[in-house]
Amino acid sequence: MPELSRHDLAVRMADLARAVATPRTVAEILTDVTKAATELIPGVDTAGILLVGDGGKWDSIAGTSDLPYRLDELQMTYQEGPCMEAALGDTVVRTDDFREELRWPSYSKVAAEIGVLSGLSFKLYTADRTAGALNLFGFQPREWDTESETIGTVLAAHAAAALLANRHSEQLTSALTTRDRIGQAKGIIMERYQVDDVRAFEMLRRLSQDSNTKLVDIAQQVIDSRG
């Protein structure tokens, strides 16, 4: 792929920034990020994102082909590899030639056998207990330069921002749903037992404590009891 001029690079990054700012799904934004990596960084033939959660749960998303998923699957099988290392530890992990890579012998051997010879992985600063990495792969050995790492770091920041925004949106939706359920349950109790708002909430709270049940679950039980 021919190298982009500084002007073309600036235009593409500006387009990506606008795409992130526009209301879209997180999947669409992450797909834009991985696609941009193949367009902006010479030597990147395919790209994807690996998310690692509690208990060994993982997800391979936004791949520009099926290959990133296959590579992520291999890493989770062998419990070694650059994507895992970036997601769980190092900020940037680079491999110029998997045929000579000694850090992950099992993974590197298979990666080279299926035609992946170089890679760059960037840690995504995600939320809570989820780790992530933006992973870029090349079919040829390559000495990745500083500009490649810089562009990758910017793209990783875009991906992380999308994931964090999505997480915050989910938390807000959950909080609003919880508030609405509790409010609805309080209204039912107030009408049924002729008590005020404060007493209705106290009844819900005591039921929650006495039964060792979440307050929102008690509220839902009250709502379900209307029939």
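Trainee: To begin, does helix 7 pass helix 8 in a left-handed or a right-handed crossing?

Mentor: A crossing is left-handed if the near helix is turned anticlockwise from the far one by less than a right angle, and right-handed if clockwise. When helix 7 passes helix 8, the crossing is right-handed.

Trainee: How many helices and strands does the protein have?

Mentor: This is a predicted model: local features need pLDDT of at least 70, side-chain atom pairs count only at pLDDT 80 or more, and totals for chains, interfaces and linings use all residues. Residues are numbered from 1 along each chain as its sequence is written, and side-chain values use heavy atoms, with hydrogens and water left out. Helices (H or I, at least four residues) and strands (E, at least two) are DSSP runs, numbered from the N terminus. The protein's total is eight helices and five strands.

Trainee: How are helix 7 and helix 8 oriented to each other, roughly parallel or roughly perpendicular?

Mentor: Axes are lines fitted to C-alpha atoms, for helices over the stretch in contact, with angles from 0 to 180 degrees between N-to-C directions. Helix 7 and helix 8 (residues 215–224) pack at about 115°, their axes 9 Å apart. Angles under 35 degrees count as roughly parallel, over 145 as roughly antiparallel, 65 to 115 as roughly perpendicular and the rest as oblique. The two helices are therefore roughly perpendicular.

Trainee: And how many charged residues are in the contact of helix 7 with helix 8?

Mentor: Contact means heavy atoms within 4.5 Å, and here it is made by Phe201, Leu204, Arg205, Leu207, Ser208 and Ser211 of helix 7 with Leu215, Ile218, Ala219 and Val222 of helix 8. Ala, Val, Leu, Ile, Met, Phe, Trp, Tyr, Cys and Pro count as nonpolar, Asp, Glu, Lys and Arg as charged, and the others, Gly among them, as polar. Seven of the contact residues are nonpolar and two polar, and the number charged is one.

Trainee: How do helix 3 and helix 5 run, roughly parallel or roughly antiparallel?

Mentor: Helix 3 (residues 67–78) packs against helix 5 (residues 105–113) at about 155°, with the axes 9 Å apart. That angle is why the pair is roughly antiparallel.

Trainee: Is Ala62 buried or exposed?

Mentor: Ala62 sits in the loop between strand 2 (58–61) and helix 3, and has a positive phi of about 60° although it is not a glycine. Buried means under 20% relative accessible area, exposed over 50%, partly exposed in between (1.4 Å probe, protein chains only). With a relative accessibility of 17%, Ala62 therefore counts as buried.

Trainee: What about Gln194, buried or exposed?

Mentor: Gln194 lies in the loop between helix 6 (146–193) and helix 7 (197–211), and its phi, near 55°, is positive in a residue other than glycine. Because its relative accessible area is 66%, Gln194 is exposed.
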